[in-house]
Every structure is written in structure tokens, then in C-alpha cells.
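Dear colleague,

I am passing on to you the structure that follows, together with some notes on what was found in it. Please keep it open while you read, and look up each part as it comes.

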Amino acid sequence: MGNAVSARGLLKKFGDAVAVDGIDFDVREGECFGIIGPNGAGKTTTMKMIYCATPRTSGELSVLGRDPGDCPEEIKKDLGVIPQENTLDTDFDVITNLLIHARYFGIPRDRARACAGELLEFIQLSEREKSPVDDLSSGMRRRLLIARGLMNDPRLLILDEPTVGLDPQARHLIWDKLRMLRKASVTLLLTTHYMEEAAELCDRVAVMDRGRILAIGPPGELIRTHIGEEVLELVLSSEDQERIPGDVQHHPARMEITSQKCLLYCEDCRSLVTHLTERGYRNIHRRPATLEDVFLTLTGRDLVE
Ligand SMILES: Nc1ncnc2c1ncn2[C@@H]1O[C@H](COP(=O)(O)OP(=O)(O)OP(=O)(O)O)[C@@H](O)[C@H]1O
Ligand SMILES: [Mg+2]
């Protein structure tokens with residue numbers, strides 16, 4: 001299998017400001033690849049270069065075997081795009097938004113109608129097909145945007161924060177659909193702030209910060225390599241914050257203190273819990289390591305600050 005996307009030294013500047021700082025990565029055909037990172041990391045800018053919405057400043061970029069600088073129209077035929085911002089047409093009702101989109105792709109009217117009907121059923125908006133877009137809730141608009149991105153049966157589906165603002169039921173509905181598409185060999189490229197989403201869906205993730213990619217790999221592998229299995233979380237008084245470094249110094253644990261809590265990445269968490277309890281610490285929470293811990297370890301900062 002080849003690569004659906006391939007980037008080498010991909011750079012984007014806005015004036016003097018570097019938004020994407022010469023990144024290298026490949027998205028393999030048929031995989032689900034996620035980009036995670038805090039606000040302003042450069043995720044959307046990266047996506048926009050890939051879906052031909054903004055030109056790169058320098059570097060190499062190949063999308064479905066073509067260069068977005070040379071033949072954006074050819075590439076766009078095979079892309080489904082769910083942008084971060086709402087780009088629905090407020091002049092039209094729900095179903096017309098889908099049908100007009102189908103027209104851009106030259107999809108015959110009958111097929112477009114059938115496809116729109118199926119997608120509206122899937123996103124549970126069949127009963128609202130004649131509603132003006134402005135009358136929908138923000139979660140419903142998000143669902144409609146996802147349906148629109150699927151109208152042309154894309155080979156590569158690009159989703160920028162697909163489930164932001166969705167309730168848990170709608171989020172699971174979308175996750176199921178994305179899993180089905182992946183099984184049908186559609187390549188998925190998504191950004192997300194939800195670590196659970198990245199861990200659930202993505203074969204591989206790139207951790208991005210300040211325009212750079214800090215690590216790439218399967219979520220489980222990144223967690224094992226950078227963190228281990230478990231983490232201890234403690235909420236500390238200022239007095240405890242001062243004494244804790246001394247209290248853990250003889251234990252093989254790495255410590256991160258954020259504004260809200262103290263995290264201990266340890267190989268043998270159980271014995272450390274016993275030790276800390278004996279030393280008078282309370283409210284020790286033992287939990288599995290996550291991608292959020294990977295981010296904190298790589299940058300020294302919380303993902304959401
Ligand atoms: N059109 C633009 N003009 C100038 N600067 C921009 C433009 N678009 C993005 N930037 C800047 O580029 C940087 C990266 O922005 P980008 O939108 O790619 O981040 P992001 O990772 O998608 O963040 P978020 O999680 O908030 O969506 C930011 O510093 C942003 O201010
Ligand atoms: Mg963004």
C-alpha cells in the first residue's frame with residue numbers, strides 16, 4: 001500500500017509567523033491518522049494545505065499521488081472535507097446543502113437524492129430535511145457538515161475536529177461511521193482535542209506543538225514508550241508540593257507538576273501509593289496512562305491550558 005499523503009519539510013508562514021515548521025509525515029492508504037495538539041499548534045493549517053485551501057510556503061506535499069500546488073481540482077474530486085469552521089450555506093435548507101454539494105462533484109440528481117436521504121438518516125436529521133440551516137442546533141450543524149463531506153464517496157476523508165460540540169450519543173454515532181469507512185478502505189485524516197477519540201479511532205497519531213511534530217506512532221506505543229502503564233495523580237497543598245520531591249526521590253518515578261496537580265509516572269505504582277500513604281498524602285488517584293500524559297511529557301505543558 002502507498003501513502004495517501006506524504007509531507008517533507010512542509011512549511012507554512014503567515015507573514016513572518018511560522019504556523020507549520022517544516023514537518024515530515026506520511027498518511028498510509030487505508031489508515032486512520034490523527035493529529036493532536038493544543039490551540040495554535042498548526043493542525044488546521046496543515047489540513048488546509050492538504051485539502052488545497054491554502055498554498056504551502058515551501059517543502060514537498062503529495063496528496064493521493066498529486067501535488068496540491070499543481071492540480072487541486074483533480075485532488076479535490078477524491079476528498080471529503082469536514083472543516084473546523086461551519087461552512088454550510090445558510091441560504092438553503094438542510095437537504096439542499098447536500099444536493100448543491102453533490103452538484104460540484106457532478107453526481108447525477110437521482111443518485112444525489114438517494115445518497116442525501118441515506119446520510120440524513122444516518123445523522124438522524126431526516127425529519128429536519130426542510131429546516132433552514134440557521135434553525136439547527138450547533139451539534140446538528142456539525143452532523144450535517146459531516147454528512148456533506150461524505151456525499152462524494154471520498155477516498156480520503158479529512159476531518160478537522162469532527163466531533164467538537166457533539167453530545168456523547170452523536171459522537172459515538174460518528175465514531176461508528178468512521179470505523180465503517182476505515183473498514184471500507186477509506187483513508188481518514190483527523191485532528192482532535194479529545195484524547196479518547198484519538199486513542200479509539202486512530203491507527204497512528206502525530207503529536208503537534210508550535211508548528212512541529214514531536215512524535216508519531218500508534219497511540220498505545222507512544223504511551224508505552226514515553227510513559228509506561230500507569231500514572232498517579234495527586235492534588236497537593238502548597239506545603240505538600242514542597243515536600244513531595246524529597247518523598248519520592250528513592251522511587252523510580254518521574255514527576256510533572258502542573259498548575260492543578262502532581263503527576264507521577266512510575267514503574268511500580270502500587271508500592272509508591274503505599275509509601276505516599278504512609279507519608280501522609282491523601283487523595284491519590286491511580287489511573288492508566290493516556291495520550292495527554294505523552295503530550296505533557298513531551299512539552300511540559302497541559303494540552304488544554
Ligand atoms: N489566516 C491566517 N493568518 C494569519 N495567521 C494564521 C492564519 N491561520 C492560522 N494562523 C496562525 O497559525 C497558527 C496555527 O493555527 P492553526 O489554526 O493551524 O492551529 P490549530 O492547531 O488548528 O489550533 P486549534 O486547535 O485552535 O484549531 C496560529 O498561531 C494562528 O494564529
Ligand atoms: Mg484548528
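The bounds of the domains used below come from an automatic or database domain assignment. This is a predicted model, in which local features need pLDDT of at least 70 and side-chain atom pairs count only at pLDDT 80 or more, while totals for chains, interfaces and linings use all residues. Residues are numbered from 1 along each chain as its sequence is written, and chains are lettered from A and ligands numbered from 1 in the order in which they are written.

The protein chain is divided into domain 1, which covers 3–218, and domain 2, which covers 229–288. Taken over C-alpha atoms, the centres of domain 1 and domain 2 are separated by 40 Å.

Next come the helix pairs, for which axes are lines fitted to C-alpha atoms over the stretch in contact, and angles run from 0 to 180 degrees between N-to-C directions. The axes of helix 3 (residues 94–104) and helix 4 (residues 109–122) come within 10 Å and cross at roughly 135 degrees. Helix 3 is therefore oblique to helix 4, given that angles under 35 degrees count as roughly parallel, over 145 as roughly antiparallel, 65 to 115 as roughly perpendicular and the rest as oblique. Their contact (C-beta atoms, placed from the backbone, within 7 Å) is made by I95, L98, L99 and A102 of helix 3 and A112, A116, L119 and L120 of helix 4, which gives eight nonpolar, no polar and no charged residues.

Helix 3 also packs with helix 5 (residues 138–150), at an angle of about 25 degrees and with the axes 9 Å apart, so these two helices are roughly parallel to each other. Here V94, N97, L98 and H101 in helix 3 meet L144, A147 and R148 in helix 5, and the contact has four nonpolar, two polar and one charged residues.

Finally, the axes of helix 8 (residues 219–226) and helix 11 (residues 291–299) come within 9 Å and cross at roughly 50 degrees, which means that helix 8 is oblique to helix 11. In this pair P219, L222, I223 and H226 of helix 8 meet L291, V294, T297 and L298 of helix 11.

Note on methods: Helices (H or I, at least four residues) and strands (E, at least two) are DSSP runs, numbered from the N terminus. Two residues are in contact if their C-beta atoms, placed from the backbone, lie within 7 Å. Ala, Val, Leu, Ile, Met, Phe, Trp, Tyr, Cys and Pro count as nonpolar, Asp, Glu, Lys and Arg as charged, and the others, Gly among them, as polar.
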